[in-house]
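Dear colleague,

I am handing over the structure that we spoke about, and you will find it directly below. Please read the notes that follow with the structure open beside them.

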Amino acid sequence: MTIWVTLEMTVQDGAFEALSTFLEENLPNVRGFAGALSVTLYHDPTTRAFLIHEEWLSREHHQAYLAFIEERGVMAALLGFMEGPPKVTYYDRMVM
């Protein structure tokens, strides 16, 4: 059973161009990580809202990825473009 994960943040004023470069360099690593099925990004330039929508094989796969990027400073670098930490939400897929 797969899960969806959303990370909601607000980009600092004037940081979107640098964030875009950072994401272009780092998204292949996310997409290639064990258990990652998809990663989609959304941005509202009016409010600077930024949403990362991911699909993973399991919560454990995603949490292993978070630990991996925290240990290597990637999460800290991402948060350097944001006004604060992300709101992370996990959704279990419902089968009906």
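Strand β2 (residues 36-44) and strand β3 (residues 49-56) are paired in the antiparallel sense over eight bridges. Helices (H or I, at least four residues) and strands (E, at least two) are DSSP runs, numbered from the N terminus, and two strands pair if DSSP finds at least two bridges between them. Please keep in mind that this is a predicted model, in which local features need pLDDT of at least 70 and side-chain atom pairs count only at pLDDT 80 or more, while totals for chains, interfaces and linings use all residues. Residues are numbered from 1 along each chain as its sequence is written, and side-chain values use heavy atoms, with hydrogens and water left out.

Within the pairing of these two strands, Val-39 stands opposite Glu-54 in β3, and Asp-44 stands opposite Ala-49 in β3. The hairpin of β2 and β3 has four residues between the strands. Arg-48, which is placed in the loop between β2 and β3, has a phi near 65 degrees, a positive value in a residue other than glycine. Arg-48 is partly exposed, with a relative accessible area of 24%, where buried means under 20% relative accessible area, exposed over 50%, and partly exposed in between (1.4 Å probe, protein chains only). Pro-45 lies in the loop between β2 and β3 as well, and Pro-45 is exposed, with a relative accessible area of 63%. The C-alpha atoms of Pro-45 and Glu-83 are separated by 14 Å, and these residues are 38 apart along the chain.

Turning to the sheet as a whole, four strands form an open sheet in the order β2-β3-β1-β4, with antiparallel pairing. β2 and β4 (87-92) stand at the edges with a single partner strand each, so one side of each is left without a neighbour in the sheet. From one strand to the next the twist averages 15 degrees; axes are lines fitted to C-alpha atoms, for helices over the stretch in contact, and angles run from 0 to 180 degrees between N-to-C directions.

Strand β1 (residues 3-10) pairs with β4 in the antiparallel sense over six bridges, and β1 is joined to β3 by eight bridges, again antiparallel. Glu-17 is found in helix α1 and, at 66% relative accessibility, counts as exposed. The C-alpha atoms of Glu-17 and Ser-38, which are 21 residues apart along the chain, are separated by 23 Å.

β3 is mostly covered, with six of its eight residues buried, and His-53, which lies in strand β3, counts as buried at 15% relative accessibility. Not counting residues up to four places away in sequence, His-53 touches Trp-4, Val-5, Thr-6, Ser-38, Val-39, Thr-40 and Tyr-42. Thr-6, found in strand β1, is buried with a relative accessible area of 9%, and, with the same exclusion along the sequence, Thr-6 touches Leu-51, Ile-52, His-53, Lys-87, Val-88, Thr-89 and Tyr-91.

Finally, the largest pocket has a volume of about 250 Å³. On a 1 Å grid over the protein atoms alone, a pocket is an open set of points where a 1.4 Å probe fits, with protein on both sides within 12 Å along at least five of seven lines, and lining residues have an atom within 4 Å of a point. The largest pocket is lined by 19 residues, of which Val-30, Tyr-65, Ile-69, Val-74 and Leu-78 lie nearest its centre. Two or more residues of this lining are given by each of α1, β3, α2 (59-71) and α3 (74-79), and the largest share, six residues, comes from α1.

With kind regards

Note on methods: Contact means heavy atoms within 4.5 Å. Grid points are joined across faces, edges and corners, and a volume is the space filled by probe spheres set on the points.
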